[in-house]
Amino acid sequence: MKDLEIFRKLNCPENVIQHCLAVSKNAVLIAEKVRIPIDKELVRLGGLFHDIGRCRTHSIRHAIEGSKLIRKLDLGEEIANIAERHIGAGITPEEAKKLGLPVKDYTPRSPEEKIVAYADNLTQGNGMISFEESLKRFKRELGEDHPSIKRMIDLHKEIQAWINR
Ligand SMILES: [Fe+2]
């Protein structure tokens with residue numbers, strides 16, 4: 001089955017599909033800039049399927065739903081993990097507990113997981129906003145002191161270091 005046919009089969013809203021395409025494109029742009037070994041095809045597919053869970057729900061559980069769908073569709077564990085760990089700069093087990101999610105570490109680990117999460121934060125419409133702009137938005141939504149703000153800054157620094165190597 002072709003990539004987009006999977007979304008159509010799930011009756012996925014068009015705006016979700018467009019967002020997934022944009023994140024995929026932006027994630028690949030970032031993957032092309034980093035000077036570390038990176039699986040660009042995995043980044044492309046991970047970006048594409050990162051929000052497939054939104055075909056089912058727009059709640060924070062969409063990451064978990066997405067990973068389940070990906071496993072069911074046999075798209076591969078690496079892509080499932082990208083979807084499962086893409087929210088913000090990840091969710092710790094303690095935060096997962098507070099959010100009522102299955103207690104588990106949802107922080108991105110592989111460079112491919114990190115790049116997709118980062119690209120998702122920077123994607124607006126079809127384009128990319130600056131990290132500063134995206135951080136401002138998250139601070140507004142979550143509050144300055146939310147633990148994910150620091151993780152987002154750390155993720156930004158890590159990826160910039162890969163680019164500037
Ligand atoms: Fe998402």
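This report looks at how some of the helices pack in this structure.

The model is predicted, so local features need pLDDT of at least 70, side-chain atom pairs count only at pLDDT 80 or more, and totals for chains, interfaces and linings use all residues. Residues are numbered from 1 along each chain as its sequence is written. Helices (H or I, at least four residues) and strands (E, at least two) are DSSP runs, numbered from the N terminus.

Here are two helix pairs; axes are lines fitted to C-alpha atoms, for helices over the stretch in contact, and angles run from 0 to 180 degrees between N-to-C directions.

| Pair | Angle | Axes apart |
|---|---|---|
| Helix 2 (residues 14-33) and helix 7 (residues 111-122) | about 120 degrees | 8 Å |
| Helix 8 (residues 131-142) and helix 9 (residues 147-163) | about 170 degrees | 10 Å |

Helix 8 and helix 9 are therefore roughly antiparallel, while helix 2 and helix 7 are oblique (under 35 degrees is roughly parallel, over 145 roughly antiparallel, 65 to 115 roughly perpendicular, the rest oblique). From helix 8, Phe131, Leu135, Phe138, Lys139 and Leu142 meet Ser148, Ile149, Met152 and His156 of helix 9 (contact means C-beta atoms, placed from the backbone, within 7 Å).

Now for helix 7 itself. Among the buried residues of helix 7 are Glu112, Lys114, Tyr118 and Asp120. Their cover includes helix 2, helix 3 (40-49), helix 5 (77-84), strand 1 (123-124), helix 8 and helix 9.

Note on methods
Contact = placed C-beta atoms within 7 Å. Buried ≥ 20, exposed ≤ 12 C-beta atoms within 10 Å, placed from the backbone.
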